[in-house]
Amino acid sequence: MAKTSFDAQKLLAKRVLRIGDSAIRKMMTTGHKVAGAISLAQGIPDAKTPLYIREGITELLKENDKIGKYSLGPGLPELRQIVADTISKKGNFSVDPDKNVCITAGAIEALAITISSIVDEGDEAILFDPGYPPYIPQVVFSGGTPVLVPLQAENGWKIDLKKLQAAVTPKTKALIVCNPSNPTGMVMGKEELDAIAALAAEHGFFVIADLTYEFLVYDKGKIPTLLAYPEIRDRLIICYSFSKEFSMTGWRAGYLYAPEKVLEQALKVHDEFLLCAPTPSQYAALVALTKKPNDDPEGLHAEMATKRELICERLDRLGDLFSYTKPRGAYYILAKYKKPDIDSWAFAMRMLNEAKVIVIPGVACGSQGEGHVRFSYGASKEKIHEAFDRIEAWAKTL
Ligand SMILES: Cc1ncc(COP(=O)(O)O)c(C=O)c1O
């Protein structure tokens, strides 16, 4: 019998072919092969997962056999109850852990199951450019069109509310808001959130709030909560991550809070793709929330604030090469480099190969990020110093 020729490429799904490779993955795996390279690329907090979490989970692993088994699909009931109580307290309305909360494998899964439950072929989702890189491919994978609202470095990456309004069309299904922002460190205040709530209420679309860095606003700042707007309660979705607040990126724990109608659908995707978030990680998240000692309330926050000053000082010393806006939250700086003839991929690759420092090319965060590179200051102070010593020496060769 004649053999049919086999072309794997032809058989691959268009849905997946139309999204590109993750720039973060590419930079991290390429950088991994460069001996001695220092990463200021992926947002990994250098601090260890706090001892009380590591000790707590170790004890539980010894005595609780349920840890090694599937949990209920939506997550441990006691963890969902705490999440529901937290949201209920913040928003001053009741939240049902069974109808509104799913524990996920990180905020990234919460985003993925939400976006794939909402965005259909031909739909539009509004994103800010620059933004967190996975938003665009997640929307495109679902068949949607990302509508990008440009932010300007010259304007401190602040949202232009007129441009946001102009991006809304009858096809708008959702707006994704990351506050504080990765990659710019920009923080939206009441004026912006008022406008977002008013637009969502008027035009009837979902607001997906990525609150991965809500805990990390500097200078005693606090961001107002979108939970305070009753007019968008039926369309507000929150994606939360345990990764950053508790230095537990590898555990893969997060949660989704959503109105019942959305959660019902998102749970279907979660069930079929994940079954449940890793159970040991759910217990670790439970320990993180319930056993937190109060003797070091500022720990990670104070450490990040110091590192923010450090990286800003080091960038200031390189004023001939970089300009930037000081972040008000999160732990990233999207710095503009003063070399107009080189694109951000080439610039990041040269920095990797010649200075042995890994950063993310700004264009990975959207076209407004072109001409920039993203630095994460999750790394230790020593690593930040060493990386910038290398960049200073390299800058002289450019
Ligand atoms: C803005 C933002 N959202 C979501 C995530 C994903 O977080 P998780 O580790 O919980 O999946 C990250 C990780 O860097 C992030 O920066």
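The model is a predicted one, in which local features need pLDDT of at least 70, side-chain atom pairs count only at pLDDT 80 or more, and totals for chains, interfaces and linings use all residues. Residues are numbered from 1 along each chain as its sequence is written, and side-chain values use heavy atoms, with hydrogens and water left out.

Glu109 belongs to helix 7, residues 106–118 (helices are DSSP runs of H or I with at least four residues, strands are runs of E with at least two, both numbered from the N terminus). Glu109 is buried (under 20% relative accessible area with a 1.4 Å probe, protein chains only). A polar contact of 2.7 Å links its side chain to that of His270 (a pair of N or O atoms within 3.5 Å, one able to donate a hydrogen and the other to accept it; residues adjacent in sequence count only if both atoms are side-chain atoms). Beyond its neighbours within four places in sequence, Glu109 is in contact with Thr104, His270 and Leu274 (heavy atoms within 4.5 Å).

Turning to the rings, the whole structure holds 14 aromatic pairs (ring centres of Phe, Tyr or the six-membered ring of Trp within 6.5 Å; stacked under 30 degrees between planes, edge-to-face over 60, tilted for the rest). Tyr240 and Tyr255 form a stacked pair, 4.8 Å centre to centre with 25 degrees between the planes. This pair links Tyr240 in strand 7 (residues 236–241) with Tyr255 in strand 8 (residues 254–257), 15 residues apart. Tyr240 is buried at 9% relative accessibility, and Tyr255 is buried at 10%. One aromatic cluster is formed by Phe322, Tyr337, Phe347, Phe375, Phe388 and Trp394.

Key: Buried < 20%, exposed > 50% of the residue type's maximum accessible area, 1.4 Å probe, protein only. Lys, Arg positive; Asp, Glu negative; His and termini not counted. Salt bridge = Lys/Arg side-chain N within 4 Å of Asp/Glu carboxyl O.
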